[in-house]
Amino acid sequence: MITDFLDAAVRTATPLLLAALGETVAERAGVINVGLEGAIIAGCFAAIAAATPLGAPAALAAAALAGLAMAAAFGLVALTLKADQIITGTAVTLLGLGLTGALYRVTFGDQGAALRTPTLPPLALPGLSAIPIVGPAFFRQPLPTYIAYAATLLACWWLYRTQTGLALRATGENPAAARAAGLAPARLQWLGTAIAGLSAGLAGGSIVLAQVGTFAEGMSAGRGFVAIAIVALGRWHPAGAALAALVFGAASALQFTLQSAGFDLPYQLFLALPYLLTLVALALAAGRYAAPAALGKRPV
Amino acid sequence: MPAALRSLALTVGTVVVAIALLALLLAGAGYDAAEALGALWNGAFGSWTAIASGTLLRATPLLFTGLAVSLAFTTGILNVGAEGQLLAGATAATAVALAMPASAGLAVTLAALAAGTLAGAAWAAVPAWLRARFGVLEVISTIMLNFVALNVTGWLVRGPLQEPTRIYPQSAMLDAAVRLPRLVPGTRLHAGVALAVLLALALAWTLRATAGGFRVRMTGANAAAAASAGRIRTGRVVALVFLASGALAGLGGAVEVLGVTFALYENLSPGYGYTAIAVALLAGLRPGAAIVAALLFGALQAGAAAMQRDAGVPAVMVSVVEGCIIVLLLASEWVRDRAARAATSTRGGPPTPPAHHASPTPA
């Protein structure tokens with residue numbers, strides 16, 4: 001039962017981690033993209049649209065590209081036209097939710113319920129998956145989970161061990177100084193925004209291809225906002241984001257575990273739990289660790 | 001061109017471009033765009049019934065929530081939680097109206113309206129406190145509370161507030177004696193629309209002509225300057241405005257239950273609280289202009305319903321128009337900024353200050 005619980009926790013944590021990793025990079029560059037939710041739902045839609053004709057791997061790529069497109073819309077208005085990042089992000093979220101809902105009905109008809117895709121099978125890593133209790137939970141998962149593991153390591157290395165990573169972090173602290181030092185803050189902020197879009201799209205793809213196997217209007221269900229909370233809770237560090245995402249995954253998994261254990265608790269209240277946890281987490285994370293100093297400021 | 005005229009031209013242009021985009025989208029999806037837009041127009045303005053029972057009825061919750069968002073944004077509070085605050089108001093109003101004897105009539109109605117207002121304020125008090133005490137970004141906390149409100153309502157209509165036969169996920173119907181009076185006999189238009197318009201005018205006047213309104217505008221324009229030069233207790237202003245914003249949305253929820261649905265449902269609101277952001281931005285955050293913006297979006301939604309019925313076009317297409325309008329307005333705001341900056345520099349005014357206000361980097 002512990003393994004089942006951990007397995008569900010890792011599975012629900014995967015899209016949150018993917019989205020939070022990209023947003024960590026964007027926020028280290030000083031960009032807060034509240035449009036993450038719009039990029040995730042765009043990824044969901046692209047995945048379901050591409051899964052049947054092209055197959056799951058291509059559908060994951062399509063999801064990432066759809067997320068990138070939403071991030072480009074955000075970047076165009078918030079970075080190039082220098083509008084307020086938070087309002088722009090809110091608009092991109094509304095646009096994503098509306099556009100995917102409309103496209104889904106137009107493309108697949110009002111029913112659409114028939115549109116299903118088989119979910120990706122779990123892949124057991126030889127050796128690691130044989131570890132008692134935790135092995136099967138962490139190392140017998142579908143492909144997107146391993147992408148998330150790899151992306152965590154990659155982000156840790158890239159942000160802290162490369163010139164570009166250093167330049168990106170400098171931009172997030174003080175774009176004017178970064179520019180004076182000969183860097184290109186605008187380009188680095190675009191880079192961070194694009195990475196956040198790609199990974200949010202991938203997160204949406206993983207929800208459809210590894211968890212649900214179908215599409216529903218508004219199915220991203222606030223995960224974009226939860227991911228932003230995870231970034232803060234993870235202290236703007238990829239490894240911190242991984243831990244925080246796992247905590248959220250566990251909160252969601254609790255619902256399945258307690259239900260299957262026969263506790264008769266109202267299921268809607270369990271659905272509200274991750275959102276309440278986000279509020280508590282944000283309150284706890286506040287003030288103790290400094291956010292990138294130029295986070296959310298209009299570009300120079 | 002005077003600034004007001006240019007701003008009006010940009011707003012009208014935005015709406016025209018957004019509707020042109022809708023036409024393109026319709027044509028691209030293989031619909032007869034002319035027929036669909038015709039159905040949209042007829043559904044919104046085609047008859048007195050369409051105007052009263054469609055457009056005005058839909059515009060009412062949009063005006064309440066649009067005012068809530070306008071007021072908050074004016075003060076620099078990004079309250080995107082009007083949806084949750086509206087649901088909290090609807091829930092409280094239903095609970096109070098069902099608990100009181102229907103024979104008390106108008107007293108029940110007034111008590112339910114008050115309860116909805118208070119519940120909306122209470123729901124907004126949580127993000128207000130989280131922001132004041134912990135600096136939690138209200139964009140995230142208010143959205144989280146929207147989901148909590150939706151789930152709690154979903155539980156209530158299947159639990160404590162469920163109708164007596166325990167079959168449907170909804171509350172019992174409110175007695176006819178406690179409902180809001182009909183404004184135009186034969187239509188569904190209720191007194192709530194008048195209340196919303198009065199509130200909009202009162203809010204416009206308060207912001208423009210009172211000391212409190214001045215404090216609110218100064219806090220939103222530049223909180224640091226308002227605090228240091230104007231001796232304004234900005235923390236208090238922000239907290240009070242946040243509560244007032246929630247109260248407006250909560251009242252909107254109560255009015256929706258007492259005037260339109262007569263029972264509490266989980267999906268009582270088709271996203272009024274989110275469309276409210278488009279309403280507020282289109283109105284340039286001015287409460288008076290919000291009346292017009294709410295009418296426009298009310299017409300769009302009423303028309304969309306007709307378009308789905310008569311031309312088979314999914315109503316959700318219209319939400320694309322809403323998103324486009326916000327994005328286009330943000331882009332045009334940039335155009336406006338640039339024009340203003342150009343005007344300043346040609347008048348030989350001070351150079352534009354650097355847009356970057358980051359505090360000094362901590363060591």
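A residue is termed buried if 20 or more other C-beta atoms lie within 10 Å of its own, exposed if 12 or fewer do, and partly exposed in between, with C-beta atoms placed from the backbone. By this criterion, buried residues account for 57% of the 300 residues in chain A. The structure is a predicted model, in which local features need pLDDT of at least 70 and side-chain atom pairs count only at pLDDT 80 or more, whereas totals for chains, interfaces and linings use all residues. Residues are numbered from 1 along each chain as its sequence is written, and chains are lettered from A and ligands numbered from 1 in the order in which they are written.

Chain A contains twelve helices and two strands; helices (H or I, at least four residues) and strands (E, at least two) are DSSP runs, numbered from the N terminus. Along the sequence these elements follow the pattern α-α-α-α-β-α-β-α-α-α-α-α-α-α. The radius of gyration of chain A, taken over C-alpha atoms, is 19 Å, close to the 19 Å that the globule rule (2.2 Å times the number of residues to the power 0.38) gives for 300 residues, so the chain is as compact as a globular protein of that length. Its C-alpha atoms fill a box of roughly 60 × 45 × 40 Å along the principal axes.

The contact between the chains takes 45 residues from chain A and 43 residues from chain B, where two residues are in contact if their C-beta atoms, placed from the backbone, lie within 7 Å. On the side of chain A that touches chain B, H4(A) gives the most, with 13 residues. The residues of this side divide into 31 nonpolar, nine polar and five charged; Ala, Val, Leu, Ile, Met, Phe, Trp, Tyr, Cys and Pro count as nonpolar, Asp, Glu, Lys and Arg as charged, and the others, Gly among them, as polar.

In chain B, helix H8 (residues 211-221) has Arg215(B), Val216(B), Thr219(B) and Gly220(B) buried. Viewed down the axis of H8(B), the buried residues fall within an arc of 130° (that of the directions from the helix axis to the C-beta atoms), so they line one face of the helix. The exposed residues Ala211(B) and Ala221(B) are carried on the face turned away from the buried side. The buried residues of H8(B) pack against helices H3 (48-74), H7 (192-209), H9 (223-228) and H10 (234-261) of chain B.

Helix H3 of chain B includes Pro61(B). Pro61(B) is buried, with 31 other C-beta atoms within 10 Å.
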